[in-house]
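Notebook open, viewer running. I'm jotting down what I look up as I go.

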Amino acid sequence: MKLFNFSQSRSLWMMHFCTGCGAMEMPPTMTSRFDMERFGIIPMATPRQSDLLLITGYLTIKTLKRVVRAYEQMPTPRYVLGFGSCTINGGMYWDSYNVIKKLELYIPVDIYINGCMPRPEAIIDAFLKLREMIAKGEANAWKKYIENYEWYKKNQSEVFDVEKWSIKNEK
Amino acid sequence: MLKNGVLKMKNEEQIKKDIETTFGELVKVHIKRRHRIKVDAPKNMTLPILAYLKQRGFHQFTLLTCVDWIKKGMFELVYNLYSLDYNVHVLVSTHINRENESMPTAINIYEMAFDYEREIHEMFGVEFEGHPRLGEFLLEDWKGMPPMRKDFDTRAYVEEKFNVKDLTKELFTRKEQPYRGPGSNG
Amino acid sequence: MAKIRDFDYEYFIGPQHPGATGNMSYHVWAEGDTIIKIEPNLGYLHRGFEKLTELRHWIKNFPLILRICVPEPDINEVLYAMAIEELNEIDVPERAQYIRIIVLELARLSAYLLYFGGVAGTIGLYTVPQWTIGDRDYILDLFEELTGGRVYHIYQTIGGVRRDIPEGFKERVLKTVDYLEKRLKDYDNLFFQHPIFEKRAKGIGIVDKDAALRFSVTGPNLRAAGVNYDVRKKEPYLIYDRFQFDVPDMYKDGDTYSRVMQRRYEFEESIKIIRQAAADMPEGPVNIKIRNPFEYRVKEGSVYVKLESSKGEYGFYVVSDGGVKPYRLHVRGPSFSHGLQLVRHIAKGTNIADISMILFSLDVCPPDAER
């Protein structure tokens, strides 16, 4: 198990789902100056092959529906990194009618980065912390989602109508 | 911006004169400054003015916006048109009643109005007669009042929708026992 | 696969796709791999900015309004300040105007560098983003020195800028600009003259002159279609009429190649403007005094201000009722016309493989279409 955790922590595949403003600091983090690939983190286009979901900033209700879908498609163990003030309390959009306020009510979050917007150094610092947590076996938010599935679903359905929301709506 | 006022405004005056002679006294034309003309028109004259301006070479439909004058009970629709040749923006403004009044669509004159009218319909609830696809545009499964109306209180809506009791306190002050999610003792 | 209806396949591009900035989805109907219909679906980034600005004081909107367009946030601040200054008839101090020009043009350079990297990324040239985004960081470092923030600056205020430029800043700007100009030759070898890029981009996604005028195309996309139109020349805002610069008009085809190359040559012109602004900058105050910002009132009236952003014509329609808060603020983003009706028109008949390059080359930035 220890070996498993260790190797998991050294090759995080990050899902390339960049929502909102925070996506702007991702290209510098990925490319030559800050170069996150040296920590074994590479972007991946499909949720089915990724371990790490980055919520880079505010989520509108419409995007949250897609994020929940993507999150549920990811294989366990899966980790969520909340990015910027908007995921903590809504940030600048605390009174916006279309932006969710607390991300942790809808999907479990392992680690937050505060600030608007966080610098690449802060992002890399968060990655390193997450790596440590995984190696120690502490990043267990995904278990919470399975254990409290009903609770999360209830919260989600309060924000969007589950019966109405289906793949048909994406057309 | 002030220095522009000193320069000659030949194009602007020409357009002003042409609109006034074509449409008569009901239409009021003001030159606001260089490059900007505002036209106040009654509702039934608006589309003819748009058609006339398009024919005059105002090809660019810059924007369509709506202002909610709640005290007067009116919506002001502002069509902003631009011409490369004259280098002038003409803002055609018209007023309609806030409740139960619709506006004929402009998509037969300017194709670009298509999405603007969808947006105005969703955000203000203005009906555009003859528009083929008014409906969901930016919001999904929205119920209730269109959000950009002045009487829509976004803070009250947020408190109800996201189950926050007092918005300014709940989101910005630290609680004594921080929230740790379900299943924990905290 | 048997034909079910008059199309073979339906695809969903987005809401997250590496070939588009931000979340925007396109619903694509295709026959084989030829697109026969495309329908944009927006709303993933709608935050209701126009509503939020009505709830905040004039001055409190500065930190909010710039978050509309993330690749180039400064245009929002400047435009909002310009609208207030026009309504209240404020004369901005000379030095502040020069600083604004430098900030705007640096922001344009950084947006273009991001754009070059993005277009190259969509056709698989992954070295280019490594270089351009790495070089973009030199500009962000300058911004950080000037304002304290890499991406969001909150540097403009009513009647000027918040504080003066630090000592030696001008020299560092010139040094960075010299470096970027030198690097442009490397980019030519790496990307702009790359045979893959030329073969894939020429003749794809054509927006000709008629279509450009019909669909209200603005900015570099319009100039690439052969219409020599630039807000900086036609309706000089701030003090753009004092600088010598050209609007490149070598490219008239309106295809993806022209759009990219148009920006490549405008990049050089922006560098020219920065050099002149740095050389001519006078001494003096950088802002005007406002006694009580929370009681700041703007005269009644409405105004439409516009400027030339890296994506096209960016405009604010601001209505004031004489109060301490804006009555109405409408944001006219260039992506609203580029990303919706224009894409419906030009994407027909192109291949699935080219669509992300076409979308990126139009520089569609969904946040400014949705606000």
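This is a predicted model: local features need pLDDT of at least 70, side-chain atom pairs count only at pLDDT 80 or more; totals for chains, interfaces and linings use all residues.

What share of the 186 residues in chain B is buried? I get 33%.

**Chain B, overview**

I looked up the secondary structure of chain B next and found five helices and seven strands. Reading from the N terminus, I wrote the order down as α-β-β-α-β-β-β-β-α-β-α-α. I also checked how far along the sequence the contacts reach. Taking contacts in chain B between residues at least 6 apart in sequence, 48% join residues at least 24 apart.

**Chain B against chain C**

Then I went to where chain B touches chain C. The contact uses 28 residues from chain B and 27 residues from chain C. On the chain B side, β3 (60-69), β4 (74-83), β5 (88-97) and α3 (113-124) each put in at least two residues.

**Chain A against chain C**

**A helix pair in chain C**

I moved on to helix α6 (residues 169-192) and helix α11 (residues 256-280) of chain C. Their axes come within 10 Å and cross at roughly 165°. Angles over 145 degrees count as roughly antiparallel, so that is what I call α6(C) and α11(C). The handedness of the crossing is left-handed.

Who makes the contact? From α6(C) I listed K170(C), V173(C), L174(C), V177(C), L180(C), E181(C), L184(C) and F192(C). From α11(C) the list is M261(C), R264(C), F267(C), I271(C), I274(C), R275(C) and A278(C). Sorted by class, the residues of this contact come out as eleven nonpolar, no polar and four charged.

**Strand β4 of chain A**

Is strand β4 (residues 79-83) of chain A buried or exposed? Five of its five residues are buried, so I put β4(A) down as largely enclosed by the rest of the structure. Checking which way the residues point, I found Y79(A), L81(A) and F83(A) on one side, V80(A) and G82(A) on the other, and all of them buried.

I then followed the pairing. Strand β3 (residues 52-56) of chain A runs parallel to β4(A), with five bridges between them. One of these I traced by hand: L52(A) has Y79(A) as its bridge partner in β4(A).

**M14(A)**

Last stop was M14(A), which sits in strand β1 (residues 13-15) of chain A. Why do I call M14(A) buried? Because 22 other C-beta atoms lie within 10 Å, and the cut-off is 20 or more.

Leaving out residues up to four places away in sequence, M14(A) touches I41(A), I42(A), P43(A), M44(A), S50(A), L52(A) and L54(A). L52(A) turns up here again, having come up above as the bridge partner of Y79(A). I also took the distance from M14(A) to C86(A): the two are 72 residues apart in sequence and 20 Å apart in space, C-alpha to C-alpha.

Definitions and conventions
Residues are numbered from 1 along each chain as its sequence is written. Chains are lettered from A and ligands numbered from 1 in the order in which they are written. Axes are lines fitted to C-alpha atoms, for helices over the stretch in contact, and angles run from 0 to 180 degrees between N-to-C directions. Helices (H or I, at least four residues) and strands (E, at least two) are DSSP runs, numbered from the N terminus. Angles under 35 degrees count as roughly parallel, over 145 as roughly antiparallel, 65 to 115 as roughly perpendicular and the rest as oblique. A crossing is left-handed if the near helix is turned anticlockwise from the far one by less than a right angle, and right-handed if clockwise. Two residues are in contact if their C-beta atoms, placed from the backbone, lie within 7 Å. Ala, Val, Leu, Ile, Met, Phe, Trp, Tyr, Cys and Pro count as nonpolar, Asp, Glu, Lys and Arg as charged, and the others, Gly among them, as polar. A residue is buried if 20 or more other C-beta atoms lie within 10 Å of its own, exposed if 12 or fewer, and partly exposed in between; C-beta atoms are placed from the backbone. Two strands pair if DSSP finds at least two bridges between them.
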